[in-house]
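Please keep the sequence and the structure in view while reading.

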Amino acid sequence: MKILVIGSGGREHALAWKLAQSARVQCVYVAPGNGGTACDPRLQNVPITDLHALCDWAHQEEVALTVVGPEGPLSEGVVDLFRSRGMRIVGPSQAAAQLESSKAFSKAFMKRHHIPTAEFETFSDASLAHAYVDQKGVPIVIKADGLAAGKGVVVAMNFEQAHQAIDDMLLSDSGVVVHNEGGARVVIEEFLEGQEASFMVLCNGLSALPLATSQDHKRLLDHDQGPNTGGMGAYSPAPIVTPQIHAKVMREIIRPTLLGMMKEGHPFTGFLYAGLMISSDEEVKTLEFNTRLGDPETQPIMMRLKSDWVDVLWASTEPSVHSDERSRDKHPLDAVELLWDRRVAVGVVLASHGYPQAVRKGDTIEHLPQETEDCMVFHAGTSKAPSHWTTTGGRVLCVSALGGTLTQAQQLAYEAIKGIQFEGMQYRTDIGWRAKRVI
């Protein structure tokens, strides 16, 4: 069959790479793709970004299954568009994607359905937001209501940072935040302490298939210093998510979310990502929801997946007959059991000069290693000229490796990184350090 992956980042390269390993696949298209997907003979880039034009192309090419990578097309209704043409697509409807595209919607939804999360208030008036921060004190968390490519959250450790974030999100017209209908809004919530973890499931209505656990590293610099980024690396599995915590998350967060979306008329399909905060006494709260797979968590997770990814995603797109929790029939997704490599996977992001603020593009990338059974370089912000690759974005590559232990996976990934060169290259040298503290 022909399969289409929508997106251009490292997550999409990893998804396409895994899908292409299935014996059922004739070709995996990536729209628009990147330099890495352009050079893989198993993949083919499609230079179409307009969603209606892409839908027309996929229908004409008789694409059997489409997988959506980034949040932007989901918030624009790409799933509704493809389904209106009778095509299978993995992702939530535009209404269900509000769990990510609107922080205000998401927090209000969690409050309505008693899903554990931080205390919060929502503001569109900057003066009221400033007054709330003065009343509550710091540290405090400021979140833009709309999509912001992973840059819409500020953990303010002092009043100056908090007030600056409010002004940037409500009064600035920088274009970083895509405001939702009704204008600029911010969600201000209490600061939670503990460890963050990524918990992702594949859904269809009330069915939820958990993926391998993972943790990513948001800060730019070693020891979690520097500004927040879209993610500088990740590893899987995450020891902090014990079997007890896993069961608690499914019981108290995932299932109530799916039931709540069903009751509100927006059955959730596709990938649901719960960003967790796990306290020292194993209390779990939801930091946020994403309605797609995480990046860079997808890269190490795909390294560990042994099941046929096409079979799994196909099962998730079978029509759902769920009506309510008590009388629901079995869905094909309920019968799927994922097989995972027991080894540890580590993914280290290589970023451009100036990331995450003023990103420089156009630097030549040299000495990329060949793919091996245990090490893969997933491309993100790259393009391919006849003789070389160049940087085209903030996060450029994700070097991902498998090892029998966390230390072995780290050694393999960092050994591969030693040969890669481009001007201004930035990366962390401590990806996975939190897992060692848990172990």
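In helix H8, the buried residues are Ala126, Ala129, His130, Tyr132 and Val133. Viewed down the axis of H8, these buried residues fall within an arc of 160 degrees, so they line one face of the helix. An α-helix has 3.6 residues a turn, so residues three or four places apart point the same way. The face of H8 turned away from the buried side carries Leu128 and Gln135, which are exposed. The model is a predicted one, and what is said here applies to that model.

What covers the buried residues of H8? The cover includes strand S6 (120–123), strand S7 (140–144), helix H9 and strand S9 (186–190).

**H8 against H9**

One member of that cover can be followed further. Helix H8 spans residues 126–136 and helix H9 spans residues 159–170. The two pack at an angle of about 160 degrees, and their axes are 10 Å apart. Angles over 145 degrees count as roughly antiparallel, and H8 and H9 are therefore roughly antiparallel to each other. Their crossing is right-handed. On the H8 side, the contact is made by Ala126, Ala129, His130, Val133 and Asp134. On the H9 side, it is made by Phe159, Ala162, His163, Ile166, Asp167 and Leu170. By class, the residues of this contact divide into seven nonpolar, two polar and two charged.

**The end of H8 and the loop that follows**

Just after H8, glycine 137 takes a positive phi of about 90 degrees. Proline 139 is found in the loop between H8 and S7. The peptide bond from valine 138 to proline 139 is cis, with omega near 0 degrees.

There is also a cis peptide bond from serine 236 to proline 237, again with omega near 0 degrees. Proline 237 sits in the loop between strand S15 (233–236) and helix H10 (243–263).

**H1 against H12**

How are H1 and H12 oriented to each other, roughly parallel or roughly perpendicular? Helix H1 and helix H12 (residues 309–316) pack at an angle of about 105 degrees, with their axes 8 Å apart. Angles from 65 to 115 degrees count as roughly perpendicular, and H1 and H12 are therefore roughly perpendicular to each other. H1 contributes Leu15, Lys18 and Leu19 to the contact, while H12 contributes Trp309, Val310 and Leu313. By class, this contact has five nonpolar residues, no polar residues and one charged residue.

**Helix H3**

Helix H3 covers residues 51–60, and its buried residues are Leu51, Leu54, Cys55, Trp57 and Ala58. Seen down the axis of H3, the buried residues fall within an arc of 165 degrees, so they line one face of the helix. On the other side of H3, His52 and Gln60 are exposed. The buried residues of H3 pack against strand S1 (2–7), strand S2, helix H4 (71–75) and helix H5 (78–84).

**Three loop residues**

Glutamine 26 lies in the loop between helix H1 (10–19) and strand S2 (27–32). Apart from its neighbours within four places in sequence, glutamine 26 is in contact with Met1 and Lys2. Leucine 43 is 17 residues away from glutamine 26 along the chain, and their C-alpha atoms are separated by 9.8 Å.

Histidine 223 and glutamate 282 also lie in loops. For histidine 223, the loop is between strand S13 (219–221) and strand S14 (225–228). Histidine 223 is not a glycine, yet its phi is positive, near 60 degrees. For glutamate 282, the loop is between strand S16 (269–278) and strand S17 (284–290). Glutamate 282 is likewise not a glycine, and its phi is positive, at about 65 degrees.

| Residue | Relative accessibility | Class |
|---|---|---|
| Glutamine 26 | 62% | exposed |
| Histidine 223 | 60% | exposed |
| Glutamate 282 | 37% | partly exposed |

Key:
Residues are numbered from 1 along each chain as its sequence is written. This is a predicted model: local features need pLDDT of at least 70, side-chain atom pairs count only at pLDDT 80 or more; totals for chains, interfaces and linings use all residues. Side-chain values use heavy atoms; hydrogens and water are left out. Axes are lines fitted to C-alpha atoms, for helices over the stretch in contact, and angles run from 0 to 180 degrees between N-to-C directions. Helices (H or I, at least four residues) and strands (E, at least two) are DSSP runs, numbered from the N terminus. Angles under 35 degrees count as roughly parallel, over 145 as roughly antiparallel, 65 to 115 as roughly perpendicular and the rest as oblique. A crossing is left-handed if the near helix is turned anticlockwise from the far one by less than a right angle, and right-handed if clockwise. Contact means heavy atoms within 4.5 Å. Ala, Val, Leu, Ile, Met, Phe, Trp, Tyr, Cys and Pro count as nonpolar, Asp, Glu, Lys and Arg as charged, and the others, Gly among them, as polar. Buried means under 20% relative accessible area, exposed over 50%, partly exposed in between (1.4 Å probe, protein chains only). The arc is that of the directions from the helix axis to the C-beta atoms.
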